[in-house]
Amino acid sequence: MSYAIIGFGKVGQALARAFARKNIEVAVASRRPPEALEPQARAIGPTVVAKSLWKALEADTIILAVPFGEHREVAKALPSWKGKTIIDAMNALAPLEELDGLPSSAFVAKAFTGARLVKGFNHLVAATLAADPVVEGGHRVVFLSSDDEDATASVAALAKQLGFAPVKLGKLDEGGALVHARDRIWGQLIFQDLFKKEP
């Protein structure tokens with residue numbers, strides 16, 4: 001399984017740290033050329049590899065960590081997203097009418113034709129996401145929601161590998177609504193920094 005993070009701001013870098021901590025290779029890309037990202041990627045760890053957007057999009061699982069308004073530009077980079085799993089780590093500050101009344105992730109899913117989309121890693125602030133998720137015998141919770149159960153299972157497996165405790169919230173329009181931020185209306189679980197003890 002190969003991984004890429006698109007967007008290398010605070011959230012993208014926080015996620016890259018999670019991969020580096022577990023020595024899992026991950027490509028990182030943004031609008032800037034890979035040479036511009038390389039020093040920061042190298043500083044995070046040897047498994048974080050700066051690539052061009054097109055090279056990064058060859059990955060099986062792609063985490064979207066760009067500002068919400070830019071996801072459509074990323075979506076245009078490939079004619080079809082079939083076979084790809086997209087993790088939507090973005091929060092929308094767009095008014096509801098701009099999202100056709102949909103949860104932000106369902107709106108994003110329309111742009112990535114053929115992809116399996118999972119909402120995840122979006123409810124924590126970047127500094128918290130960057131910190132070690134294992135604390136005093138507990139694992140920091142990440143909430144996942146998707147209309148595709150197989151995709152949720154594969155992202156849950158990744159979250160566990162990274163040291164997080166995945167909690168599945170169900171479909172995008174149900175549980176997903178609890179972790180959606182849109183038009184300055186925050187879902188009830190946004191910013192909830194929870195831990196799950198090992199059984």
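**Briefing: pocket, salt bridges, crossover and positive phi**

The lining of the largest pocket has 11 nonpolar, 4 polar and 5 charged residues. Here Ala, Val, Leu, Ile, Met, Phe, Trp, Tyr, Cys and Pro count as nonpolar, Asp, Glu, Lys and Arg as charged, and the others, Gly among them, as polar. This is a predicted model: local features need pLDDT of at least 70, side-chain atom pairs count only at pLDDT 80 or more, and totals for chains, interfaces and linings use all residues. Residues are numbered from 1 along each chain as its sequence is written, and side-chain values use heavy atoms, with hydrogens and water left out.

**Largest pocket**

- The largest pocket holds about 410 Å³ of space.
- Its lining has 20 residues, and Ser 30, Arg 31, Arg 32, Val 66 and Glu 70 are the closest to the centre.
- Helix H3 (53-56) and helix H4 (71-75) are the elements that each give two or more residues to this lining.
- A pocket is an open set of points on a 1 Å grid over the protein atoms alone, where a 1.4 Å probe fits, with protein on both sides within 12 Å along at least five of seven lines; lining residues have an atom within 4 Å of a point.
- Points are joined across faces, edges and corners, and the volume is the space filled by probe spheres set on them.
- Helices (H or I, at least four residues) and strands (E, at least two) are DSSP runs, numbered from the N terminus.

**Salt bridges**

- The count is 6 salt bridges, each defined as a side-chain nitrogen of Lys or Arg within 4 Å of a carboxyl oxygen of Asp or Glu.
- Glu 73 pairs with Lys 76, with the closest N and O atoms 3.0 Å apart.
- Glu 73 is exposed at 52% relative accessible area, and Lys 76 is exposed at 62%.
- Buried means under 20% relative accessible area, exposed over 50%, and partly exposed in between (1.4 Å probe, protein chains only).
- Lys 119 and Asp 88 form a salt bridge at 3.4 Å, N to O.
- That pair links distant parts of the chain: Lys 119 sits in strand E6 (residues 116-120) and Asp 88 in strand E5 (residues 85-88), 31 residues apart.
- Both Lys 119 and Asp 88 are buried.
- Asp 100 and Lys 110 bring their closest N and O atoms to 2.8 Å.
- Asp 100 lies in the loop between E5 and helix H5 (104-111) and Lys 110 in helix H5, so this bridge ties together parts 10 residues apart in sequence.

**Strand pairing and crossover**

- Strands E8 (residues 138-146) and E9 (residues 165-168) pair in the parallel sense over 4 bridges; pairing requires at least two DSSP bridges between two strands.
- Phe 143 has Val 167 in E9 as its bridge partner.
- From E8 the chain passes through helix H7 (residues 149-161) to E9 in a right-handed β-α-β crossover.
- Right-handed means that, with the strands pointing away from the viewer, the path from the first strand over the helix to the second runs clockwise.

**Positive phi**

- Most residues other than glycine have a negative phi.
- Asn 23 has a positive phi, near 55 degrees.
- Asn 23 lies in the loop between helix H1 (10-21) and strand E2 (26-29), and is exposed at 60%.
- Phe 121 has a positive phi too, near 65 degrees.
- Phe 121 is in the loop between E6 and helix H6 (126-130), and is buried at 1%.
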